[in-house]
Amino acid sequence: MSESPLKIGVIVGSVRTGRFADTIARWFVSEIGKRDDMEVHVVDLTEPALVEELKLTLEEAGASGSAPRLAERIAGLDGFVVITPEYNHGYPASLKLAIDYVYSEWRAKPVGFVSYGGMVGGQRAVEQLRQVFAELHAVTLRDTVSFHMAWEKFDEDGRPYDAEGPAKAAAVMLDQLAWWGVTLREGRAARPYGG
């Protein structure tokens, strides 16, 4: 049994100017930072290298292309937490593009969700993402973290007004991520995933 920390990718899915994702991501990364069983790797879809790679992939290869830099980063991770807003009852196109340009690297790995939005807190986006990740043979976690009317839930320093509730939700999800992350990492090491 491996005791090394799980390498967890926190995927920041919004690329909009002025996005609220930065506030959510900073808070969530600080929650993971409280644990010694996980190592955080932020994958921000606004990173210039990723933006350029995905743009070139679209222009040069169309739907059959791949994004090698992104794929390499995803391959080196043991699990993921996707931070997603809900736009028009769905998740952002930028997130769909990034997910679709990586394939086998998602397989047999756990995926958790932190969502935010209006009255339903991004839960419609999460339900759609569950279907996408199921097709990629990833395991989505039951429990999520959700911020309803998110912009009203944080102070000017980016801290939740109700720190206890979101922290408890994050802890539950991260405990599930740890279990699945270790179990699936050991499973992949013992027997390569097929299918």
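**View 1. Contact between helices α4 and α5 in the predicted model**. Leu95, Lys96 and Ile99 of α4 meet Leu129, Val132 and Phe133 of α5, where contact stands for heavy atoms within 4.5 Å. The residues of this contact divide into five nonpolar, no polar and one charged; here Ala, Val, Leu, Ile, Met, Phe, Trp, Tyr, Cys and Pro count as nonpolar, Asp, Glu, Lys and Arg as charged, and the others, Gly among them, as polar. The two helices, α4 and α5 (residues 123-135), pack at an angle of about 10° with their axes 11 Å apart, the axes being lines fitted to C-alpha atoms over the stretch in contact and the angles running from 0 to 180 degrees between N-to-C directions. α4 and α5 are therefore roughly parallel to each other, a term used for angles under 35 degrees, while those over 145 count as roughly antiparallel, 65 to 115 as roughly perpendicular and the rest as oblique. Helices (H or I, at least four residues) and strands (E, at least two) are DSSP runs numbered from the N terminus.

Because this is a predicted model, local features need pLDDT of at least 70 and side-chain atom pairs count only at pLDDT 80 or more, whereas totals for chains, interfaces and linings use all residues. Residues are numbered from 1 along each chain as its sequence is written, and side-chain values use heavy atoms, with hydrogens and water left out.

**View 2. Valine 132 and alanine 125 in helix α5**. Valine 132 is buried, with a relative accessible area of 14%, where buried means under 20%, exposed over 50% and partly exposed in between (1.4 Å probe, protein chains only). Not counting residues up to four places away in sequence, valine 132 touches Tyr91, Lys96 and Ile99. Alanine 125 also counts as buried, at 0% relative accessibility, and, leaving aside neighbours within four places in sequence, is in contact with Thr84, Pro85, Glu86, Gly90 and Tyr91.

**View 3. Strand β1 and its pairing with strand β2**. Six of the seven residues of β1 (residues 6-12) are buried, so this strand is largely enclosed by the rest of the structure. β1 and β2 (residues 38-44) pair in the parallel sense over seven bridges, pairing being assigned if DSSP finds at least two bridges between two strands. Valine 12 stands opposite aspartate 44 in β2.

**View 4. Threonine 23 in helix α1 (residues 21-32)**. At 14% relative accessibility, threonine 23 counts as buried. Its contacts, not counting residues up to four places away in sequence, are with Phe154 and Gly158.

**View 5. Helix α6 and its buried residues**. α6 (164-190) has 27 residues and reaches 39 Å from its first C-alpha to its last, close to the 39 Å expected at 1.5 Å a residue; the expected span is 1.5 Å times one less than the number of residues. Among the buried residues of α6 are Pro166, Met173, Leu177, Gly181 and Arg185.

**View 6. Alanine 108 and methionine 149, residues with a positive phi**. Most residues other than glycine have a negative phi. Alanine 108, in the loop between α4 (93-100) and β4 (110-117), has a phi near 55° and is buried, with a relative accessible area of 7%. Methionine 149, in the loop between β6 (145-148) and α6, has a positive phi of about 50° and is partly exposed, with a relative accessible area of 22%.
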